Amino acid sequence: MAAYIARRLLQTVVILLGISFVTFVLLYLIPADPARQIAGRSATAQTVENIREQLGLNLPFYEQYLRYVTGLVQGDFGRSYLQKTEVATLIASRLPASLLLMAGAITCELIFGLAMGIVAALRRGSRTDDTLMIASFVGVSAPQFVIGILLLYVFAVKLGWFPIGGYGTFAHLVLPSVTLGFLGAGWYSRMMRSSLIEVMRQDFIRTARATGAGRAKVLFRHAMPNAILPVIAMIGIDIGLFMSGIVVVESVFGWPGIGQLAWQAIQRVDIPIIMGVTLVSAFAIVLGNLLADLITPLIDPRIKLR
């Protein structure tokens with residue numbers, strides 16, 4: 001186990017270095033000029049050049065990247081060009097909100113998705129199955145902002161059950177979590193349905209039924225531990241996606257997470273923040289996959305880590 005974790009952590013370092021290099025190259029090649037963004041439209045060419053020199057943007061690419069990686073190894077993510085604050089501090093201030101929203105969204109999509117998938121699998125070929133699969137297709141196809149605005153209009157404006165936006169209480173968390181959960185539940189329901197149907201055809205399920213085990217026992221004790229394994233892998237991926245891919249939902253609901261921070265940085269070409277959020281999100285994806293791999297053998301002891 002220790003050797004496996006050490007090897008995966010070493011792979012993580014290599015992956016993060018590769019992601020940092022690719023991201024840095026893309027940001028270096030974009031036509032937008034961060035120095036011009038900082039100086040303003042009315043600034044003179046000399047002023048822009050002075051800012052570029054102060055930030056090191058006039059250096060060759062390899063020197064800029066080497067300076068960034070050197071600081072990164074020392075735990076320095078750099079300083080925001082416009083906010084004049086350490087990127088690590090900005091991310092740390094937004095991270096709790098993103099983690100809270102991520103936990104709420106994953107909880108909602110698991111509740112909706114697993115329930116829909118189990119019912120659809122048990123009623124395979126029925127109208128219930130068709131209805132649930134159509135609903136899951138709508139869920140994975142609907143734009144995030146449409147679902148978010150619709151929920152806001154119905155439950156915040158018309159019914160007044162929840163606040164229109166903001167952050168700080170459980171009521172503020174419900175609508176953005178349900179929005180993300182509804183969108184993700186479609187994937188989980190389809191995966192759960194396919195996996196459960198496949199498991200229910202296996203010989204050990206027929207054996208369990210032949211021994212007189214009830215339907216609930218066969219489902220939850222024998223079938224579910226095997227059928228849920230692909231879902232666990234999806235959760236690991238979602239951890240990283242929710243860290244950075246919820247920009248639209250955070251904007252609609254005024255949620256102060258790192259997704260909104262990244263969007264603001266992209267608009268302003270604030271490269272240190274973009275790099276910092278990208279690396280944190282990449283680390284979250286790798287960490288989520290590692291946790292999923294470590295949890296899987298606990299559910300099914302037949303699976304060994306190699």
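## Largest pocket

Helices are DSSP runs of H or I with at least four residues, numbered from the N terminus. In this predicted model, α4 supplies the largest share of the lining of the largest pocket, namely 5 residues. Other contributors of at least two residues each include α1 (2-29), α3 (45-55) and α14 (271-299), while α4 itself spans 61-73.

The largest pocket holds about 620 Å³ of space. Its lining comprises 26 residues, and those nearest its centre are Leu55, Leu57, Gln64, Tyr81 and Pro272. By class, the lining of this pocket divides into 14 nonpolar, 6 polar and 6 charged residues.

Where empty space is left can be shown by rolling a probe the size of a water molecule over the atoms. Across the whole structure, the search returns 1 cavity of 30 Å³ or more. The largest cavity contains about 30 Å³ of space.

Its lining consists of Gln83, Leu261, Gln264, Ala265, Arg268, Asp270 and Ile273. Helix α13 (residues 258-268) provides the largest share of this lining, with 4 residues. The lining of the largest cavity is made up of 3 nonpolar, 2 polar and 2 charged residues.

## Nonpolar surface patch

A nonpolar patch on the surface is formed by Leu150, Tyr153, Val154, Val157, Leu159, Trp161 and Ile164, which together have about 710 Å² of accessible area. Among these residues, Val154 is found in helix α7 (residues 144-158).

Patch members must have over 30% relative accessible area.

Conventions:
Residues are numbered from 1 along each chain as its sequence is written. This is a predicted model: local features need pLDDT of at least 70, side-chain atom pairs count only at pLDDT 80 or more; totals for chains, interfaces and linings use all residues. Side-chain values use heavy atoms; hydrogens and water are left out. On a 1 Å grid over the protein atoms alone, a cavity is a set of points where a 1.4 Å probe fits but cannot get out, and a pocket is an open set with protein on both sides within 12 Å along at least five of seven lines; lining residues have an atom within 4 Å of a point. Grid points are joined across faces, edges and corners, and a volume is the space filled by probe spheres set on the points. Ala, Val, Leu, Ile, Met, Phe, Trp, Tyr, Cys and Pro count as nonpolar, Asp, Glu, Lys and Arg as charged, and the others, Gly among them, as polar. Patches are made of residues with over 30% relative accessible area and no salt bridge: like charges are joined within 9 Å, nonpolar side chains (Val, Leu, Ile, Met, Phe, Trp, Tyr) within 5 Å. Accessible areas come from the Shrake-Rupley method with a 1.4 Å probe; for residues, only the protein chains shown count as cover. A salt bridge is a side-chain nitrogen of Lys or Arg within 4 Å of a carboxyl oxygen of Asp or Glu.
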